[in-house]
Amino acid sequence: MGFLEALAGLCGCPAPLTQRHLQKGRQLETVEMKVHIDCEGCESKIRKTLEAMDGVTGIDVVPRQNRVTVTGYVDAAKVMHRVARKTGKRVEPWPYVPYEAVAHPYAAGAYDRKAPAGYVRDVTANYGGGGASASRPFSRASSTETRYTGAFSDENANAACAIM
């Protein structure tokens, strides 16, 4: 406690607000986003935009994966909006999770050819985020698919005669 804060407490005056007091109510947050990075100029523009923000404590830019990670006392929506506005790039939340985190990584919607190596699309985010129980359901076969697959089953030996 500094001298001015002690004196302000005795006088009944409110203490001056410092950066530490302003950040006291906020939580340390990590924001991951996907931003298309073409060159080193794009990377430096993104880095300079984020360094100018209040509350940012760490910036990690991975141009090969088009991934930007920001750590600090910031709001995710404000960070993404500022990067989009200042750089003119399309910004979206990081949509990928590690390959091991998904129960069926090659199911429809999870496999993404644009995903970086070792990552697949996060399908649990769209379905409640409750882990494997809330993961995306498998698609059902249509009636024509069911009819054709049922025609050649081992259980129905006379099905081939009905087709011919």
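Two residues are in contact when heavy atoms of theirs lie within 4.5 Å. Keep that in mind for this tour of a predicted model, where local features need pLDDT of at least 70, side-chain atom pairs count only at pLDDT 80 or more, and totals for chains, interfaces and linings use all residues. Residues are numbered from 1 along each chain as its sequence is written, and side-chain values use heavy atoms, with hydrogens and water left out.

**Stop 1: the whole chain**

Show the chain as a cartoon. Six helices and six strands make up its secondary structure. Helices (H or I, at least four residues) and strands (E, at least two) are DSSP runs, numbered from the N terminus. Trace the chain along the sequence and the pattern reads α-α-β-α-β-β-α-β-β-β-α-α. Of the 164 residues, 27% are buried. Buried means under 20% relative accessible area, exposed over 50%, and partly exposed in between (1.4 Å probe, protein chains only).

**Stop 2: arginine 67**

Select arginine 67. It is in strand β3, residues 67–72. Is arginine 67 buried or exposed? It counts as buried, because its relative accessibility is 12%. Now show what surrounds it. Beyond its neighbours within four places in sequence, arginine 67 is in contact with Glu32, Met33, Asp60, Val61, Val62, Trp94 and Tyr119.

A polar contact of 2.9 Å joins it to the side chain of arginine 67. A polar contact is a pair of N or O atoms within 3.5 Å; within protein, one must be able to donate a hydrogen and the other to accept it, and residues adjacent in sequence count only if both atoms are side-chain atoms.

**Stop 3: the rings**

How many aromatic pairs does a search of the whole structure find? It finds two. Rings of Phe, Tyr and Trp (its six-membered ring) pair if their centres lie within 6.5 Å; planes under 30 degrees apart count as stacked, over 60 as edge-to-face and the rest as tilted.

Select tryptophan 94 and tyrosine 96. Their pair is edge-to-face, 5.2 Å centre to centre, with 80° between the planes. Both residues are buried.

Now select tryptophan 94 and tyrosine 119. Their planes stand at 90° and their centres are 6.1 Å apart, so this pair is edge-to-face. It links distant parts of the chain, 25 residues apart: tryptophan 94 is in the loop between β4 (91–93) and β5 (96–98), and tyrosine 119 is in strand β6 (residues 119–121). Tyrosine 119 counts as partly exposed because its relative accessibility is 22%.

Finally, show Trp94, Tyr96 and Tyr119 together. Ring pairs link them into a cluster.
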